[in-house]
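Look at the aromatic side chains first. Then turn to the annotated spans.

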Amino acid sequence: MSYSQSRALWAITKASFKAIFSQPSSLFFSFLFPIIFILIFGALSERPPEAYKVAISPYSDTASVLFDSLRLNPRIKIVPYADTAKQHEDLIKGNIAAVLNIAPYNMDSSKYYKVKLLSSEASGGAVYNLMRTLDYQALKIELDDAHKLQREYAFIPQIVPGKKYRQIDFVLPGQLGFSILFATMFGIAFVFFNLREQLVLKRFYASPVRKINILIGIGASRLVFQLINVIVLILFGHFFLKFTLINGALTFFEMILLTVYMLFLLMGVGLIFASLAKTDTSIPLLINLFGFPQILLSGTFFSINVFPPWLQNLCQALPLTQFNNAMRKISFEGLHLFDCWKEIGILGIWIVIVYLIVMKVMKWE
């Protein structure tokens, strides 16, 4: 009986095909991972351009046709303020594009309007794009009034000093989160997995050393290494790329303290993955399942405001979102750690949940 090359080819092909589907990581990167990207960037593309946030001066004429049309314009979001002090603070920080003051005046028995736009340098020139939107809105109003032969609205911008916002002030905190997220989890997960597989943890466990000291001793070196990395990135960004440290050394130390807090959380996640993994090849899959959605949804590369509201709510529950938000508030806005109580509180809830899971799943052998 002659040897069948076709049967041998079919057997090899079938075995290789089974091997592909026996690897969960190949299924994740081939099917699930692209689907996640499509969903996220699909939601991003469906989102209309972010509306300009504006405040209305208490002295503004709110009975004008222009004001009524602004309230209906989806490109403009009117932000109410109870006091002018908070309004001015947000203006200086660039949280609103401008403060509008619609002032009427009479000339030649006709009524005209001066629209003053008070903005700051922190808005990054958004006031000029806002002016084009307002001018187009005013032009439609004037064209609807057939007897008007000249412009009825005049727009007057006024720029006041503010905190100059650079792109690095958004990018660097996100890159810090990106760096420590993957480096810490990969480092902790692989170290503890290998120590467990080589029975080193079992020997430690049998010794008089307390378990908590074993965990701290092994994890401390990884955390210190990541802290050195963060310190280098912050100092490089500040001295070479003009990254803002609004309160100088105090801001720097508060960013380091917040990083330690986040590293403690990520160390727990790494311990969970090291305990759940059956083989070292499954560790990257677990880390990517936890990490990559956060990289895309936590404001690392772009603001989460570009997402639809339901997705923004999901983003707010992620620990990396809170870390990025707190870092930017401390570095650029000049807030302190105790001002970031919301972000620190949500991270604290994550820490409690993570270490409760660690206590349940931690394996020493």
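The paragraphs below go from ring pairs to charges over rings and then to the record's spans.

This is a predicted model: local features need pLDDT of at least 70, side-chain atom pairs count only at pLDDT 80 or more, and totals for chains, interfaces and linings use all residues. Residues are numbered from 1 along each chain as its sequence is written, and side-chain values use heavy atoms, with hydrogens and water left out.

Searching the whole structure gives 13 aromatic pairs. Rings of Phe, Tyr and Trp (its six-membered ring) pair if their centres lie within 6.5 Å; planes under 30 degrees apart are stacked, over 60 edge-to-face, and the rest tilted. Phe 273 and Phe 290 are edge-to-face, because their ring centres are 6.1 Å apart and their planes stand at 70°. Phe 273 belongs to helix α9 (residues 249-276) and Phe 290 to helix α10 (residues 282-297), so the pair ties together parts 17 residues apart in sequence. Helices here are DSSP runs (H or I, at least four residues), strands likewise (E, at least two), numbered from the N terminus. Both Phe 273 and Phe 290 are buried, meaning under 20% relative accessible area with a 1.4 Å probe, protein chains only.

One aromatic cluster is formed by Phe 178, Phe 182, Phe 186, Phe 190, Phe 292 and Phe 301.

Charges also meet rings. A charge sits over a ring if NZ of Lys or CZ of Arg is within 6 Å of the ring centre and within 35 degrees of the ring normal. Arg 328 places its charged end over the ring of Phe 170, 3.7 Å from the centre.

Residues 285-304 are 65% helix and 0% strand, with end C-alpha atoms 25 Å apart. Residues 344-362 are 95% helix and 0% strand, with ends 26 Å apart by C-alpha atoms.

Methods:
Buried means under 20% relative accessible area, exposed over 50%, partly exposed in between (1.4 Å probe, protein chains only).
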